[in-house]
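Please open the structure in your viewer and keep the selection tool at hand. The stops below proceed from one selection to the next.

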Amino acid sequence: MAATRPSGARSSMSAGGGAELVARSREGSPGGGGFAPSALGTREHWDAVYERELHSFQEYGDTGEIWFGEESMNRLVRWMQKHEIPLGASVLDIGTGNGVLLVELAKFGFTNITGIDYSPSAIQLSGSIIEKEGLSNINLKVEDFLNLSSDLSGFHICIDKGTFDAISLNPDDAVEKRKQYVRSLSRVLKAKGFFLITSCNWTKEELLNEFSEGFALFEELPTPKFSFGGRSGHSVAALVFQKRETCPWTDSHNFQEALQPSKPDTENARASQCLVSYSVCTYKIGKACPS
């Protein structure tokens, strides 16, 4: 169905096939940027999508769509190669869908790969595709990234191609779900670990705002450009964030312990300054906070 594209809307490719238009609502979001609720943000939608794709694979051997195209996968693999990410590094694909990214990573040589999705049909589909490819060094789990099990943690690399986009469209308090996504990411990713995100709904500046708590921009990856009406832009944003190290004094217990009368005043002052002023802090006893 044709639709008028409102100001600020960006096209989104759904796993069900075809381009969808995502309209900005300007309500209920930090900084005023939000999205109109959509079925694309619900579990029921993706369960139905992957049930169809699983049936299609079983009937015809069709693996389904590659979100953002094959080049998006190659872009991520090239980045990992460029930065000499060890092949044994632990990698998490958040919202793996049909698992084609996992297959590419395994073929490249990565040996510690995990894919999660909250849709059991998606995990069944990705498992079938991985089995067909003759690969065995890939872990698959049915997991809701917003409600993780306790054993999912300690990853060097986390990758998202469209999952944060879908969460942003959830009709049930998408703002809080985005915040929970960032908390979950902080939990599963090691300090100094990398988060690679590809989005068709969010601009670079908006993603910097969404992941400002605990993450720093490491690199912006090149993506296709478009021109319209004399103006140019990017159809997708692809960014690499690095998780900041946590200041030891941001833990309230550690902070209160640090500010004891027995501590020298200069040490108390450093701990207080560290807590208030620094997002990244390597302060330890006898060492000043970074300036």
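How many residues does helix α2 have, and how far does it reach from its first C-alpha to its last? Select residues 70-82 in this predicted model. Helix α2 has 13 residues and reaches 18 Å between those two atoms, close to the 18 Å expected at 1.5 Å a residue.

Within α2, highlight S72, M73, R75, L76, V77, W79 and M80, which are its buried residues. They pack against several elements: the strands β3 (91-94), β6 (155-161), β7 (189-199), β8 (215-220) and β11 (237-243), together with helix α3 (100-108). Just after α2, select E84, whose phi is positive, at about 55 degrees.

Next, select helix α6, residues 174-188. This helix has 15 residues and reaches 21 Å from its first C-alpha to its last, close to the 21 Å expected at 1.5 Å a residue. Its buried residues are A174, V175, R178, Y181, V182, S184, L185 and V188. The elements that cover the buried residues of α6 include β3, β6, β7 and β8, as well as α5 (163-167) and α7 (204-210).

From Y181 and L185, proceed to F195, which touches both of them. Leaving out residues up to four places away in sequence, F195 also touches I94, C158, D160, L189, F211, L239, V240 and F241. Which residues touch the most other members of the largest nonpolar core? They are F195 and F211, in a core of 62 residues. Helix α3 supplies the largest share of this core, namely six residues.

Now select strands β4 (residues 113-117) and β5 (residues 138-142). The two strands run parallel and are joined by five bridges. To inspect the pairing, display T114, which stands opposite N139 in β5.

Is S126 buried or exposed? Its relative accessibility is 0%, and S126 therefore counts as buried. A polar atom of the S126 side chain lies 3.0 Å from the backbone oxygen of I123. Apart from neighbours within four places in sequence, S126 is in contact with T96, G97, N98, G99 and L140.

Note on methods. Residues numbered from 1 in each chain as written. Predicted model: local features only at pLDDT ≥ 70, side-chain atom pairs only at ≥ 80, totals over all residues. Heavy atoms only, no water. Pairing = 2+ DSSP bridges. Helix = DSSP H or I, 4+ residues; strand = E, 2+ residues; numbered from the N terminus. Expected span 1.5 Å × (residues − 1). Buried < 20%, exposed > 50% of the residue type's maximum accessible area, 1.4 Å probe, protein only. Contact = heavy atoms within 4.5 Å. Polar contact = N/O pair within 3.5 Å; in protein donor to acceptor, adjacent residues only side chain to side chain. Core = buried A, V, L, I, M, F, W, Y, C linked by side-chain atoms within 4.5 Å.
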